[in-house]
Each structure stands twice: as C-alpha cells, then as structure tokens.
Amino acid sequence: MSSKSGSSGSSGNGESKTAGRYFDAAIGLLQKVRDEESGSVADAGTLLADAVESGGRLFAFGAGHSSLAAQDVVYRAGGLALINLLAVPGVVGVDVMPATLGSALERVDGLAGAVLDSSPARPGDVLVIISLSGRNSLPVEMAMNARALGLKVIGVTSVAYATETRSRHVSGTFLKDHCDVVVDSKVGVGDAELSLDGVDAPFGPASSVVTNALMQAMTAAAIEKLAERGIQPPVLRSGNVDGGHDWNGRVFQEYGDRIFYRH
C-alpha cells in the first residue's frame, strides 16, 4: 500500500484511513533508517561517547522545526546531561514573529560564525546539526565553522536533497559535505508523505518523527559505548520519580562545567 495516494479519508466506522496511512509511512521511515543507518548512528554515538570520556562538551543545533529534535535531547529525563542547545536567535522553533522571518534567517550569510564565536564551544567538542534539506546557508556555515574551530560535526539530514535540489550556500555545498558523520533521515524532498484526491498539495510531514528518533538512538548508542568502556554515563532521571531531583543535582554538580543550560 502506497502512502502517497488515496481516494477516501474515512473507513466509515469511526476510523481514518488517511491517519492510518500516515502511521504506516512514519513506521516505514523508522524501519528504513534502522536498517540502513545503523552504522552511521553507531558512529555518531561513538563520537558523542569519545567527547564525554575526554572531557568535551556536546551541543545540538537545528533551525525551525529541525530545532525540535535538538531540543528533545537537552535536559531530558533518560538523556545525556551534557547535551546543550546551541541556540541561534530567531530560528529556534517557530517562536519568532512573523514565523517566516526564521526561514529568512536560515539564508543569512555570516550568522553561524557569529553564533559559534560567542558560544562556549571549543576544540574537541561535538556539535550535532539537524537540517532536513541541508541546503541553507546557516546549517552549511555552522558545520564549516565548527570544523574549522576543531569540533567534530554530526549531520542529521536528508541526503536526497543534495541530488534533487540546489544548495543555497555560496559554496554550492550541503550540510552533508562538512560532517564527520552523516546520518541520513531518508525523508523525501518536500517532507510530505501523503496525498489525497481533492487535496491540491501533499501533506503529512514525518521529518520530526524520524529525526527525534535518530537523536534518541544516537544518544542510546553513546550511553552503550560509555558503559562498554566502564564509564558511568551522566544520564538524567525524571524529576517526577522519587529521588530524581537529588540524582540530577549530583550529576549537575559533577559535570557543571560542561552543562550550560543551567547558567
């Protein structure tokens, strides 16, 4: 069954066929990245673990909706305490008004360099950059500048864009061209998994589902690698379970010089 077409949105029994097709499409993408990107996810986890072990810091960046996946691993119960959000004013989510300004800022040359220069990032740290298309100036320059500063860069992007679209960066390159590890989200160009008779535009974006899962999988791989090395991973507990706050307080105290979201 193809998720790209359909003539009826309802089965008539209180269920939505189109909603079911969306779930099928999202599950299919998750299975695809699990089967085809397992090596890249493991490599990304190793880079994260290496930085934790060597005293480095971890950062995550995404613009617009890609920022949601970056935020999902910051200060997260069950996640690595050392992952910090590298925020660019105006492009974190869709909180800027008008929302279209965030999209425009992604195409501004020089913004990434200014952000990195004023950030606490230093050589030996790891930066995960999430960009579905990887074609705009901001993620491309973020990767280029980060590597020039001595950071390791993990890119979470759809490689399909590099063959089906043109770069918007002056170099003509994409995010994937400036990473130590590339994790391909396998999301198709346009990020719309569904179509329906009578609806003129495709719909049903799935990139957030996939990139969030990839970020959590990379984190899990890093935790596994640290445990294999005999290192207790700095994992946060939920503040809604007994003892969670005390546990997290000890983690913050031990790793306070590498955690910036509490300052």
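Modeller: Arg 135 counts as buried because its relative accessibility is 17%, where buried means under 20% relative accessible area and exposed means over 50%, with partly exposed in between (1.4 Å probe, protein chains only). Keep in mind that this is a predicted model: local features need pLDDT of at least 70, side-chain atom pairs count only at pLDDT 80 or more, and totals for chains, interfaces and linings use all residues. Residues are numbered from 1 along each chain as its sequence is written, and side-chain values use heavy atoms, with hydrogens and water left out.

So where is Arg 135? You'll find Arg 135 in the loop between strand E3 (126–130) and helix H6 (137–148); helices (H or I, at least four residues) and strands (E, at least two) are DSSP runs, numbered from the N terminus. Leaving out residues up to four places away in sequence, Arg 135 touches Val 140, Phe 174, and also Thr 165, Arg 166, Ser 167, Arg 168 and His 169. Contact here means heavy atoms within 4.5 Å.

Now hop over to helix H9 (residues 244–254), where Gly 244, Asn 248, Val 251 and Phe 252 are buried. They sit on the same side of H9 because they cover an arc of only 100° around the axis, the arc being that of the directions from the helix axis to the C-beta atoms.
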